Amino acid sequence: FLPTGQLLCGSAHHRLPLSLLDVKRVRDINRSKRAQAAVKCLEFHPTASVALTAGWHKTLDLFQVDGEANQKLQSVHVQDFPISTAHFTGDGTEVVMSGERKSYYVYDMIAGKITRICGIRGRKERKYSTFTVSPDNKFLAFLGKDGYIIFVSNKTKQWVGELKMNGEVGGVAFTPDSQHLLSYGTDGQVYVWDVASRQCVHRFTDEGCVVGRRVGVSPDGQFVACGSESGIVNVYERSEVMAKESPKPLRAVMNLTTAVDHLQFNSTSEILAVASSAKKDAVKMVHLSSLTVFSNWPHVHSRLGRPTSLHLSPLSRYLALGNERGKALLFRLNHYHQASQN
């Protein structure tokens with residue numbers, strides 16, 4: 001699989017400027033094959049210049065990303081399986097897909113083979129629509145009902161354990177070292193779990209939250225971000241949330257007015273990207289050193305549509321946005337693009 005894309009290389013050598021975000025729209029990732037429904041899933045490969053798109057049209061598409069041709073590499077149609085979540089595994093050899101079904105699918109990109117996994121042993125969930133992959137590539141963490149988080153071995157695709165929190169799970173995020181998992185409840189409580197022991201080692205309240213939606217941890221481990229139903233995103237020092245039950249955020253980002261559906265830190269922990277699918281052009285980029293929102297993007301003529309998916313590439317050269325019109329928009333972040341050429 002890897003020969004179909006060029007390996008990403010290089011790193012940013014200079015700190016991200018404070019004032020304006022140097023961003024340029026380039027050709028859509030899926031310009032050669034626009035999706036027939038909203039792009040629900042959009043993700044860059046961890047090591048190759050490749051991205052995936054998927055959604056309710058039951059098709060996984062893989063594209064080589066160069067900002068110009070963005071050639072389609074493969075399409076995989078999954079019969080009677082609208083896809084709600086799709087992730088590359090950490091080693092980049094597989095794509096795991098889930099939806100509103102009791103089963104989920106694994107696509108082996110090297111063998112070109114798709115395998116149906118018929119549920120998770122010991123669980124009676126009606127659907128496994130949302131999951132995340134641990135950074136060390138050992139686990140898939142599925143969001144279950146009634147506050148359960150179900151751990152599946154990424155190697156065997158079998159149940160290995162579970163966590164249970166009060167209320168419903170809004171979102172989860174692993175720490176960069178995979179030693180802890182944060183789970184954000186719809187009641188505004190954030191649980192910190194030790195992955196090895198499956199024990200809750202700390203719990204804190206997200207200030208002012210009514211309904212929790214998304215949580216994230218920065219790659220350098222310094223920041224924790226919590227995005228709520230109201231559109232507010234609280235940014236915390238991780239050391240603060242680990243020490244207190246009612247920590248104070250460094251900043252409450254209040255630029256979104258509808259529920260936070262997407263939240264991701266970039267690879268250098270300099271940018272936090274947040275978006276809401278409920279409103280057109282509802283995307284914001286936060287400069288973390290200053291905790292200010294870049295004012296120049298998106299601008300009034302961006303025409304992003306409703307952002308149904310969002311992802312930053314591994315070296316932050318690109319930002320991708322999927323929308324309800326079936327487009328996977330691609331933006332080049334020039335600060336990182338130029339640095340990677342040096």
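## A repeat from the record

UniProt, in an unreviewed entry, places the feature "repeat: WD" at residues 162–203. The model shown here is a predicted one. Over residues 162–203, the chain is 62% strand and 0% helix.

## Strand β12 and its two partners

Look next at strand β12, residues 148–153. Five of its six residues are buried, so β12 is largely enclosed by the rest of the structure. To count as buried, a residue must have under 20% relative accessible area.

Which strands pair with β12? One is β11, residues 139–143. β11 and β12 pair in the antiparallel sense, over five bridges. Within this pairing, F142 stands opposite I150 of β12. The other is β13, residues 159–164. β12 and β13 also run antiparallel, and five bridges join them. Here F151 stands opposite G161 of β13. In general, strands of a sheet pair through backbone hydrogen bonds.

## Two hairpins

β11 and β12 form a hairpin, with four residues between them. In the turn sits D146, with a positive phi of about 60 degrees.

β12 and β13 form a hairpin too. Five residues lie between these strands. K157 is in this turn, and its phi is positive, at about 60 degrees.

Five bridges join β18 to β19, residues 223–228. The two strands run antiparallel. G212 has S228 in β19 as its bridge partner. As a general rule, the side chains of a regular strand alternate between the two faces of the sheet.

## A serine in a loop

S313 lies in a loop. The strands on either side are β26 (307–312) and β27 (318–323). Is S313 buried or exposed? Its relative accessibility is 5%, so S313 counts as buried.

What does S313 touch? Leaving out residues up to four places away in sequence, S313 touches F44 and Y318.

Terms used:
Residues numbered from 1 in each chain as written. Predicted model: local features only at pLDDT ≥ 70, side-chain atom pairs only at ≥ 80, totals over all residues. Heavy atoms only, no water. Buried < 20%, exposed > 50% of the residue type's maximum accessible area, 1.4 Å probe, protein only. Pairing = 2+ DSSP bridges. UniProt positions renumbered as here; feature names shortened; annotations may be inferred. Contact = heavy atoms within 4.5 Å.
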